[in-house]
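Let us take a friendly walk through this structure together.

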Amino acid sequence: MKKTILTTLMVFLATTAGFAQGAKNLKFNEILVTNTASIVDEYGCRSAWIEFHNDAFASANARNCFLTTNRAVLNKELSAPERIKMMYQIPSGSVDTHIEGKQKMLFFADELPKRGIFHTNFTLKDSTENWIALYDANGTTLLDSVTVPALGENQSWARAKDGVGEWRIVTADNVTPAATNIVEQGEGKVAKFKRMDSLGLGMTVMCMAVVFSALAILWWLFAIIGKIFASTISSTKKAPAPKAAPAPEAPATKGDANDEEMAAICMALHEHFGNVHDEESDILTINGGESSWRMLTRTHANN
Amino acid sequence: MNDFFNFIGNNLVDFWQYTGFANATVGHIVMIAVGCLFITLAIKKGWEPLLLVPIGFGIILGNIPFKADAGLEIGLYEEGSVLNILYQGVKTGWYPPLIFLGIGAMTDFAPLIANPKMMLVGAAAQFGIFAAYIIALLLGFEPDQAAGIAIIGGADGPTAIFLSSKLAPNLMGAIAVCAYSYMALVPVIQRPIMRLLTTKKERLIRMEAPRQVSQTEKIIFPIVGLLLTAFIVPSGLPLLGMLFFGNLLNVSGVTGRLAEAAKGPLINCITILLGLTVGASTQASEFLTPSTLKILLVGITAFVIATASGVLFVKFMNLFLPKGKKINPLIGNAGVSAVPMAARISHDEGQKADPTNYLLMNAMGPNVAGVIGSACAAGVLLGFLI
């Protein structure tokens, strides 16, 4: 029973993790409503655009997901087919709906879905608030939604950090369609280290401190664990032997190994020096018991 | 008839253009000689033959001259060539963690668990890495390149390849060859330093045999070890994760077949591929540069400092340890992670001072701590610089 529960739990966790790496990680990242100077589509036309960001490191696929600006879909009384009628379904059957980890996908809200996968059947309204939602392929699970305030021409509503940051208005010069919202300018880590720590002393002190701390904590933990187990082992050793029945087989001679022990030692030495190995259970024992070796010797003895 | 001979002659000239003889340069010859030297050292002297033979042969393989613009797709750096495909394991850094899996499965952490204060010796020896970082900076390398070179001081080939593939890919061939060469030379480099830094009296110190370690402790170690080190240095996860996973396979008692695979066929296959492709990556045009000479210089300095740091740190610890519990400083050198060679050197040196003193098991403690320490150090450098 315990095994069944454990297995179920593990399967559940595994499938949950699998789902989390899929479309669930698609997030709205940047939206531009009035496009007069921003990016053009493959037809050379300018229209509102909506950018997704795949927030996971694994790839995701947006096929069959739904985009909508119709708040009526929030009504939980609606059935899935009713809901789907109010939304734009991202077509399946194209490799273009595949988004690599941490990458972006751009849709043009131009009410011209026949122009291709990335052209929705709705548009965004200028100079007013727009609500946009992304639903999973079942049409009922809301993956992400955003309310875009009234924006000026070529301004976008974008997250400060891809996929997770606060939303803010971005000026026309700084919109980043299908690209990261953070354009890092300035020196990188290496350049900073070169400038601030040209001799490497800071790096040395920091790194040694981290390495020492990690291993010192490990020392401390295993010193404690060791004390616990060392006392357990010693108490087991010190425990008086139970007064059991006499041993079934007395040693052959006092202080000497009996024949079986001698045979075992000889075999071990023979294997060691002769570099002879075969497939064994890895247990060398002098205790009696049934084994193929014993069976063989018995057969020979009987013959 | 004349046309026929002209045709044959032109073809022979063309063929000649494709041969190694027509394309050979002094650099190629020098590198082939270096490859032969590696193989000779491995076979004649027995210095790290499992590494130096594949690397040496790889050096020869990578320096066979051919017409580069012929589109033969045979060069290591040519997209789609067989060597290029094999090289991806080095370039993208997945060979080293697999090597660590095997090392974890082969390594017995019991001496370290029995005497966990040896962790500190393993940590102290990592100073060689950071001293080398300073020296590399002084020699004019960029911080990321300096870190890739400095990791040679950890005396850990896979870690050196892993880190340099991330931080200094253009220097990786030289760093890998340097790391493995010095690992092969550990007995030559370490012994004089150990003797120089210890007194006769110190070399005679006897240590208690490590206590018996229970199976439960052995199982707890890789799990706690991973959790702790990876939480502190997550960037070292590929190496630390595989190291501790390999060890868990070995000690769990129920995954014998997996442990056998990890420490046998798997590590052997990866060692062959790693050695061969690392060797082949040392093409003359990339390898015979002033940078390589500097790397060789920094590398040996790193080894010397790492060894000295380990030995001196043990002497420092002895100042605080009661009489009878003192540590023989000869095991300090084992804080570098050349397992088990460094521990064997401690033992040999101990036996030279006193033939009845057995230091091997005591030296294995800092030695395996060094493996953990160098992986942590690589993770820290990666975390700071990438």
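Predicted model: local features only at pLDDT ≥ 70, side-chain atom pairs only at ≥ 80, totals over all residues.

The average pLDDT of chain B is 91, and 100% of its residues score at least 70. In chain A the average pLDDT is 80, with 71% of the residues scoring at least 70.

Now let us turn to chain A as a whole. Six helices and eleven strands make up its secondary structure. Chain A has 303 residues, of which 24% count as buried. Among its contacts with a separation of 6 or more, 57% are between residues 24 or more positions apart.

How are the strands of chain A arranged? One open sheet holds five strands in the order β7-β2-β1-β10-β11, with antiparallel pairing. At its edges are β7 (104–109) and β11 (167–170) of chain A, each of which pairs on one side only. Direction ignored, neighbouring strands in this sheet are turned by 30° against each other on average. To see one of the pairings, find β10 of chain A, residues 156–159, which is joined to β11(A) by four bridges in the antiparallel sense. Within this pairing, R159(A) has W167(A) in β11(A) as its bridge partner.

A further open sheet in chain A has four strands, ordered β5-β4-β8-β9, and its pairing is antiparallel as well. Here the edge strands are β5 (88–89) and β9 (142–148) of chain A, each pairing on one side only. Strand β8 of chain A, residues 130–135, runs antiparallel to β9(A), and six bridges join the two. You can find one place in this pairing by looking for N130(A), which stands opposite V148(A) in β9(A).

Let us move over to chain B, starting with a helix in its interior. Helix α11 of chain B covers residues 157–167, and eleven of its eleven residues are buried, so the rest of the structure largely encloses it. Among these buried residues are G157(B), F162(B), K166(B) and L167(B).

Is P366(B) buried or exposed? P366(B) is buried, because 35 other C-beta atoms lie within 10 Å, and 20 or more are needed for that class. Leaving aside neighbours within four places in sequence, the contacts of P366(B) include M118(B), V121(B), I331(B) and G335(B). The next stop is A124(B), found in helix α8 of chain B. A124(B) also counts as buried, with 28 C-beta neighbours inside 10 Å. Between the C-alpha atoms of A124(B) and V336(B), 212 residues apart along the chain, the separation is 9.1 Å. Not counting residues up to four places away in sequence, A124(B) touches S309(B), G310(B), F313(B) and G335(B).

Helix α21 of chain B also packs against another helix. The axes of α20(B), residues 341–353, and α21(B) are 8 Å apart and form an angle of about 145°. The crossing of these two helices is right-handed. On the α20(B) side, A342(B), A343(B), R344(B), S346(B) and H347(B) take part, meeting L360(B), A363(B), M364(B) and N367(B) in α21(B). By class, this contact has five nonpolar, three polar and one charged residues.

Finally, look at where the two chains meet. Chain B gives 38 residues to the contact and chain A gives 29 residues. On the side of chain B that touches chain A, the elements giving two or more residues are α8 (118–124), α9 (127–138), α10 (143–150), α15 (215–232) and α21 (360–385) of chain B. The largest share, nine residues, comes from α21(B). By class, the residues on this side of chain B are 25 nonpolar, eight polar and five charged.

How values were computed
Residues numbered from 1 in each chain as written. Chains lettered and ligands numbered in written order. Contact = placed C-beta atoms within 7 Å. Nonpolar A, V, L, I, M, F, W, Y, C, P; charged D, E, K, R; others polar. Axes fitted to C-alpha atoms, helices over the stretch in contact; angles between N-to-C directions. Left-handed = near helix turned anticlockwise from the far one by under 90°. Pairing = 2+ DSSP bridges. pLDDT = per-residue confidence, 0-100. Buried ≥ 20, exposed ≤ 12 C-beta atoms within 10 Å, placed from the backbone.
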